[in-house]
Amino acid sequence: MMNSMTRIAAILGLTATPLLAETMVEDTDSSGSFSMEELTVSYPELTEALFMEMDVDASGEVSPEELTAAMDAGLIEE
Ligand SMILES: [Ca+2]
């Protein structure tokens, strides 16, 4: 029962669990935030200037909160 359900879920692609359901960005190194490289995978048009604008606390990485804020502000597309 469980196995068949797991298999069906896998077929449907439901076993993929992104860090945040609302983002398409993958936290490749599981650091809990997104580097320029990780963001560029999903946003090839991302510039360093835009990245720095998104990195509100200048930590060098964009946290999920910062990413959400950037989306809300229309800096990047969801
Ligand atoms: Ca940051």
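What follows is a conversation about reading a predicted model of one chain.

Biologist: Before we start, which ground rules apply to this predicted model?

Modeller: Residues are numbered from 1 along each chain as its sequence is written. Since the model is predicted, local features need pLDDT of at least 70 and side-chain atom pairs count only at pLDDT 80 or more, while totals for chains, interfaces and linings use all residues.

Biologist: And what is the mean pLDDT of the chain?

Modeller: pLDDT is the predictor's confidence in each residue, from 0 to 100. Here the chain has a mean of 82, with 73% of its residues at 70 or more. Confidence is lowest in α1, at a mean of 63, and highest in α3, at 96. Where pLDDT is low, the predicted coordinates should not be read in detail.

Biologist: How many helices and strands are there in the chain?

Modeller: Both are DSSP runs, numbered from the N terminus: helices are H or I with at least four residues, strands are E with at least two. This chain has four helices and zero strands, so defined. Reading from the N terminus, you get α-α-α-α.

Biologist: What share of the residues is buried?

Modeller: Count the other C-beta atoms within 10 Å of a residue's own, with C-beta atoms placed from the backbone: 20 or more is buried, 12 or fewer is exposed, and in between is partly exposed. Of the 78 residues in this chain, 10% are buried.

Biologist: Which residues form the largest nonpolar core?

Modeller: A nonpolar core is a set of buried Ala, Val, Leu, Ile, Met, Phe, Trp, Tyr and Cys residues joined through C-beta atoms within 7 Å. The largest one here has eight: F34, L39, F51, M54, V62, L67, A70 and I76. Helices α3 and α4 each supply at least two residues of this core.

Biologist: Let's take F34; why does it count as buried?

Modeller: Because it has 29 C-beta neighbours inside 10 Å. F34 sits in the loop between α1 and α2. For touching, the rule is that two residues are in contact if their C-beta atoms, placed from the backbone, lie within 7 Å. Leaving out residues up to four places away in sequence, F34 touches V25, D27, L39, E61, V62 and L67.

Biologist: Where does I76 lie, and is it buried or exposed?

Modeller: I76 is in the segment after α4, and it counts as buried because it has 20 C-beta neighbours inside 10 Å. Beyond residues up to four places away in sequence, I76 touches Y43, A70 and M71.

Biologist: What about E77, buried or exposed?

Modeller: E77 is also in the segment after α4, but it has 10 C-beta neighbours inside 10 Å, so it counts as exposed. Its C-alpha is 8.7 Å from that of Y43, 34 residues away along the chain.

Biologist: Which residues other than glycine have a positive phi near 55°?

Modeller: Most residues other than glycine have a negative phi. S30 has a positive phi of about 55°, and A58 has a positive one near 55°. S30 lies in the loop between α1 (2-12) and α2 (36-42), A58 in the loop between α3 (48-54) and α4 (64-72). S30 counts as exposed because it has 7 C-beta neighbours inside 10 Å, and A58 counts as exposed with 7 as well.
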